[in-house]
Amino acid sequence: MRTYEIEEYKVFNSGHQACPGCGEALAIRFIVNTLGPNTVGVVPPSCIAIISGPQPYSSMRIPIYQTTLEASAASAAGIKRALSARGKEDVTVIAMAGDGGTYDIGFQALSSAAERNEDIIYFCLDNEGYMNTGAQKSSSTPHYAYTSSTPGGKPTRKKNLTEIMAAHQIPYVATATVGFPDDLVNKVQKAKQIKGTKVITVLTPCLDGWGIADNAAVKISRLAVQTGIFPLYEVENGDRYTINHGSQGLPVTAYLSQQRRYRHLTQEQIDHIQADVDYQWQLFLRKSKVNSFG
Amino acid sequence: MSNPTKMLLTGNHAVSYGVMLARPKVIPVYPITPQTPILEKLSELQVLGELDADIMTPESEHSAMAACITASLSGVRVFTASASQGLMLMHEMLHYASGARAPIVMANVNRTIGSPWGFWPDQTDSLAQRDTGWIQYYTESSQESLDTVIQAFKTAEQVSLPAMVIHEAFYVSHSLEPVEIPSQALVDQYLPPFQPEHMLDPSRGESWGNVVNQDMYYRHRQGLGEAMDKVPEASILADREWQTLTGRGYGIIEEYRCEGAELVIVTMGSMAGTARETVDNMRKSGLSIGLVKVKLFRPFPVETLRLALVGIPKAIVLDRNFSPGVGGILHQELKAALYGMAAAPEIYGYLAGVGGLNVSPAKIEEFVCMALKEEKPSINSIWVR
């Protein structure tokens, strides 16, 4: 077994209100403890807001501003611009929003912030649904997954946020997950050094929303990568692809079978997911190869 | 101190010059007719090097206001401008701004709200925001808009509340008038640099917006109310100081020829200018008519209006706005303000100029005569044209 040596600032503290074993709390820890104390964070209503609050308490030793669900990117940009106007260019301003607040209602503000190349790091802590309100479907929810608003399984595929953000040709877009903490930390450190808009989507398994064991978040997030369902990669300036961790040839059933939200799947649906993952992986390899010649 | 300059300016460009003199540092703003000339002039002044501000152009008014709030909370003076649909889209963030006690100043150019689509002067857009916790000033001329923008920063920052300076589409926004632009030195003397008590800054470690319990929410709303209660006096003082420096003052309401009046016209915005002419004409023919212009609408200056209207037999309210199910919004507010007061006037509510319909001095004279003839007013607002 590998052990990790990760240096952490003590920004995120114990005693917060996440469920024990929460994937998202782990992601927050690696993000803010890597960035350090010269940081301001924006969070929309979400589990992230629950974990960072409530007033007058805070789980983080940095200023946190809670905005509305659709406004994270715009709110973060406002802070960065004001601090810059005050000569405080060195402060890192981040947003940490869920997939509902990013793929859905917050997408317009995010796209605009990216177009303006606002100097912020935007983290989407992606648990593939509105988990804070009891697991409803978002546009990040995968094909066929059960949520309380798709009790028969979601009829359409997951939106590809990373590709959409890469198409904005911003300096840095990446995926990460809590099962690969060294990779996540590297990406946070890298993003901190880059000026302009950085978007990192972190897959953060939700124990209750996905129906997994209390100690399974890390394992499941690793399986998401190893089955090729959620490859870890970076796209710089819209066209330079780097694959960090991808499919290790494990069948998707290794990932799906561990989760209550996929319990109802038929063999045909599983086959379809497998075919989709295989196809996407081939497409992905081709894309990264083409660009390696570019 | 250097001398003021005189220019021929539209109401919108007058706002832009007022903003430039107030030295905001961040201006998140989204274009919309008939506000756009404010944004364009600010952008031009910035390129010319006369305005030292970061102009941010987000994809929507919602994001513009979201950025205004955080920029303000991060310690800089902030301005934005909007109108109509844009203001409607901001609605959620307007509440958020006052809740965050962010002293943003916004110019709103009154325009009809769809559907159906229109571009006409109608105050329903800003009046529909009356419960959002923003100070609201209604102005009637280019000069008043310029002066009020600068005054608004002063009052807003004193009480930590956002403020709207509101003038109507075209009648004010696009009409050219001679405007005196005060010197930068004068404005710097009047408006000190923005130094808020609280700030989002890693060196301060303060946060804002996370979940509170019922008791904290209750106390927060109370605090917001107490700040609002300070606005009339703060506005009067800000206006007096401005008058001392420039010779121009407006008050939170204006009483025009109300002495011994048997009827007083009560209105806001550009219609006040028209009504002033009606008053002059009718006074000339021996009728004792007066005018009360309501400049400060939020907080509603109840005490001041009571003092102005006590003992006056009749008042007519001219509303260029409409709240379905209630009628004219100023009519409704004035009735509530005077309720239970001894020697209160009978109040006649007229929906005049809704949708931007032109209301001439002669028309207002007709409305006055109508009210003088009727013994008792209707309890509801009446559609007139």
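So, to start: at what angle do helix α9 and helix α12 of chain B pack, and how far apart are their axes? The angle is about 65 degrees, and the axes are 8 Å apart. Angles of 65 to 115 degrees count as roughly perpendicular, so that's what we call α9(B) relative to α12(B). Before I go on, remember that this is a predicted model.

Let me stay with that pair for a moment. Helix α9 of chain B covers residues 270-284, and α12 of chain B covers 361-373. When α9(B) passes α12(B), the crossing is right-handed. If you want to click on the residues, α9(B) brings Thr274(B), Ala275(B), Glu277(B), Thr278(B), Asn281(B) and Met282(B). On the α12(B) side, they meet Pro361(B), Ile364(B), Glu365(B) and Val368(B). By type, that contact divides into five nonpolar, three polar and two charged residues.

Okay, zooming out to chain B as a whole. Chain B has 12 helices and 15 strands. Its C-alpha trace spans about 65 × 50 × 45 Å along the principal axes. What about the radius of gyration? For 385 residues, a compact globule would come out near 21 Å, and chain B has 20 Å, so the two agree. Buried residues make up 54% of the chain. And if you take the contacts in chain B with a separation of 6 or more, 81% of them are between residues 24 or more positions apart.

Now, how do the two chains meet? On the chain B side, 36 residues are in contact with 34 residues of chain A. The elements of chain B giving two or more residues to that side are β2 (26-28), β3 (54-56), α3 (61-73) and α4 (84-99). Which of them gives the most? That's α3(B), with nine residues. Sorted by type, the chain B side has 19 nonpolar, 10 polar and seven charged residues.

From α3(A), the contact uses Ala74(A), Ser75(A), Ala77(A), Gly78(A), Ile79(A), Arg81(A) and Ala82(A). From α3(B), you get Ser63(B), Ala66(B), Ala67(B), Cys68(B), Ile69(B), Thr70(B) and Ala71(B).

Most residues other than glycine have a negative phi, and most peptide bonds are trans. So here are the exceptions I'd look at.

In chain A, a cis peptide bond joins Gly53(A) and Pro54(A), with omega about -10 degrees. Pro54(A) sits in the loop between α2 (47-52) and β2 (64-66) of chain A. In chain B, the bond from Gly114(B) to Ser115(B) is cis too, with omega near 0 degrees. You'll find Ser115(B) in the loop between β5 (105-110) and α5 (124-127).

Then the positive phi values. Glu128(A) has phi near 65 degrees, and this residue is in the loop between β4 (121-126) and α6 (161-166) of chain A. Is Glu128(A) buried or exposed? With 29 other C-beta atoms within 10 Å, Glu128(A) is buried. Ser160(B) has phi near 55 degrees and lies in the loop between α6 (142-159) and β7 (163-168) of chain B. Ser160(B) has 19 other C-beta atoms within 10 Å, so it counts as partly exposed.

That's my tour, thanks.

Key:
Residues numbered from 1 in each chain as written. Chains lettered and ligands numbered in written order. Predicted model: local features only at pLDDT ≥ 70, side-chain atom pairs only at ≥ 80, totals over all residues. Contact = placed C-beta atoms within 7 Å. Helix = DSSP H or I, 4+ residues; strand = E, 2+ residues; numbered from the N terminus. Nonpolar A, V, L, I, M, F, W, Y, C, P; charged D, E, K, R; others polar. Axes fitted to C-alpha atoms, helices over the stretch in contact; angles between N-to-C directions. Parallel < 35°, antiparallel > 145°, perpendicular 65-115°, else oblique. Left-handed = near helix turned anticlockwise from the far one by under 90°. Rg over C-alpha atoms; globule rule 2.2 N^0.38 Å. Buried ≥ 20, exposed ≤ 12 C-beta atoms within 10 Å, placed from the backbone.
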